[in-house]
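Here is a short tour of one protein model, meant to be read with the structure open beside it. Let us start with the confidence scores and then look at a few places in turn.

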Amino acid sequence: LVYNDRLVPAGTPVTQRDDPSMTRLQPELHKSGLWLQADRVGDVFVPHAKDIAANRIPVNVWAWQGEAVDQGDEAADFASELLDRAVRLVEVSRDRPRYTEGNPALGPVGFADGYPLSVSSLESFDRLNKQLIARGDQPVPGDRTRTNLVLSGVELPDAPGVTENSFPEDYIKTITVAQNGLVLVLESLKASDRCSMPDTNQQNGERGPGRPVLRALRLLGRHGWHANSEAYGTTPAVFMSQNFVIKLPQGMSPDDTIDLTRDAEIDVEYRDHTNWVSSSKK
């Protein structure tokens, strides 16, 4: 978050859109805190600061305004040196939560753009990379969309409008995961409209000229608008990956965890349409 900058309001988030050098930051989450490492400034361990009023500072994430837990001067100095600007490192406040789309029924979300979980598939990257190679561009790895969950072996449904270039995650309605007697449901809510991030190398922050990834997605017919225009507007966008909300088991404490392993039972429910409309179907 930016502080002490006259050109940017205090509490404004810093993202890779504006500062690709953030790709150099490597976080490692621990129960007691966070290890941060960057090639130019070394590393630092940031223990969780107490979520109390004295530690909270005002923040904003796009239209949302609230409070977050400041993680102290050492963390701020580390981040400020990395980004060459005065910033503070903050953690989500459990006592001052931010909700998905401002709706408590959809569950909390941290400092993501707007949704707790982003889902893509290896199949969609395969289609994208074939298009890139066909145009003489370099293929890209699966970290370009910065999704939380990358699926494999996902099949396309037998539905109207589905082609060999369709991305399977667009047709997923829910993913139900059963593990150790607990049932976790991931529900698709909104298609992800892409900015410059898919064209940003996640290892060094470099962005290739001409935005080849966005261009390839357009050539695959992935330019259009959200089907739910009442909720998400009619601004044209390029789509890749899906935003999901997480429905936790009833009675689960915020401090509880679900350890998902490869032997977990997975059930995928499909829909027969996408939640966005291609401009080529106009």
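This is a predicted model, and the protein averages a pLDDT of 90, with 96% of the residues scoring at least 70. Among the elements, the lowest mean pLDDT, 89, belongs to strand S8 (residues 149-151), while strand S11 (residues 223-226) has the highest, 96.

As a reminder, strands of a sheet pair through backbone hydrogen bonds, either parallel or antiparallel.

Is strand S4 mostly covered or mostly open? Strand S4 (residues 56-61) is mostly covered, since five of its six residues are buried. Its antiparallel partner is strand S5 (residues 64-70), and six bridges join the two. Two of the residue pairings between these strands are set out here.

| Residue | Bridge partner in S5 |
|---|---|
| asparagine 60 | glutamine 65 |
| valine 61 | tryptophan 64 |

S4 and S5 form a hairpin with two residues between them. If you zoom in on the turn, you will find tryptophan 62, which has a positive phi of about 55°.

**An exposed proline in a loop**

Next, follow the chain to the loop between strand S10 (182-193) and helix H3 (212-219), where proline 209 sits. Is proline 209 buried or exposed? Proline 209 counts as exposed because its relative accessibility is 77%, and the cut-off for exposed is over 50%. The C-alpha atom of proline 209 lies 8.9 Å from that of aspartate 199, a residue 10 positions away along the chain.

**A nonpolar patch on the surface**

Which residues form a nonpolar patch on the surface? They are Ile266, Val268 and Tyr270, and together they have about 240 Å² of accessible area. Isoleucine 266 belongs to strand S13 (residues 265-270). At 52% relative accessibility, isoleucine 266 counts as exposed, because exposed means over 50%.

Methods
Residues numbered from 1 in each chain as written. Predicted model: local features only at pLDDT ≥ 70, side-chain atom pairs only at ≥ 80, totals over all residues. Heavy atoms only, no water. pLDDT = per-residue confidence, 0-100. Helix = DSSP H or I, 4+ residues; strand = E, 2+ residues; numbered from the N terminus. Buried < 20%, exposed > 50% of the residue type's maximum accessible area, 1.4 Å probe, protein only. Pairing = 2+ DSSP bridges. Patch = residues over 30% accessible without salt bridge, like charges linked within 9 Å, V, L, I, M, F, W, Y side chains within 5 Å. Areas by Shrake-Rupley, 256 points an atom, 1.4 Å probe, with all protein chains shown as cover. Salt bridge = Lys/Arg side-chain N within 4 Å of Asp/Glu carboxyl O.
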